[in-house]
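Trainee: Could you show me how to read ring pairs and pockets in a protein model?

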Amino acid sequence: MADSYLKAYADQCVLITGGAGAIGSNLSRALLEIDAKKVVVLDDLSSAERWNLPPDPRLLFVHGSVVEDRDLKRVFGERPWVLYHLAALFANQNSIDHPENDLLVNGMGTSTCSSTPT
């Protein structure tokens with residue numbers, strides 16, 4: 001009975017922003033293993049690699065950013081049932097050196113993802 005919540009993901013589309021990183025790629029594998037219909041990964045590959053993602057026809061990789069409307073329209077056009085927002089500007093020093101990018105990705109990216117209609 002403890003795994004009954006996993007059945008909710010079967011036949012669903014799931015969106016993972018920042019999904020090519022360590023956490024996102026493992027999440028995508030786990031979702032595919034529990035029979036998610038489609039896993040959509042949006043990542044700009046600024047701190048990840050495409051090869052982290054499992055080769056599976058149910059996985060759609062979109063090279064893009066959470067701060068680009070075009071990219072968000074593309075991934076939300078897949079009609080995801082749930083969103084895992086893992087995109088972030090990586091490393092504290094990046095935030096210090098590039099505070100504008102930090103605000104855009106970590107702040108506005110979160111706001112945009114949470115307010116984008118599906």
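Mentor: We will take the aromatic pair and then the pocket. This is a predicted model, in which local features need pLDDT of at least 70 and side-chain atom pairs count only at pLDDT 80 or more, while totals for chains, interfaces and linings use all residues. Residues are numbered from 1 along each chain as its sequence is written, and side-chain values use heavy atoms, with hydrogens and water left out.

Trainee: How many aromatic pairs are there?

Mentor: Rings of Phe, Tyr and Trp (its six-membered ring) pair if their centres lie within 6.5 Å, and planes under 30 degrees apart count as stacked, over 60 as edge-to-face and the rest as tilted. The count here is 1 aromatic pair. Because the rings of tyrosine 9 and tryptophan 81 have centres 5.3 Å apart and planes at 90°, this pair is edge-to-face.

Trainee: Is tyrosine 9 buried or exposed?

Mentor: Buried means under 20% relative accessible area, exposed over 50%, and partly exposed in between (1.4 Å probe, protein chains only). Tyrosine 9, at 14%, is buried, whereas tryptophan 81, at 44%, is partly exposed.

Trainee: What volume does the largest pocket have?

Mentor: On a 1 Å grid over the protein atoms alone, a pocket is an open set of points with protein on both sides within 12 Å along at least five of seven lines, and lining residues have an atom within 4 Å of a point. Grid points are joined across faces, edges and corners, and a volume is the space filled by probe spheres set on the points. The largest pocket has a volume of about 380 Å³. Of its 20 lining residues, those closest to the centre are Gly18, Ser47, Leu86, Ala87 and Ala88.

Terms used
On a 1 Å grid over the protein atoms alone, a cavity is a set of points where a 1.4 Å probe fits but cannot get out, and a pocket is an open set with protein on both sides within 12 Å along at least five of seven lines; lining residues have an atom within 4 Å of a point.
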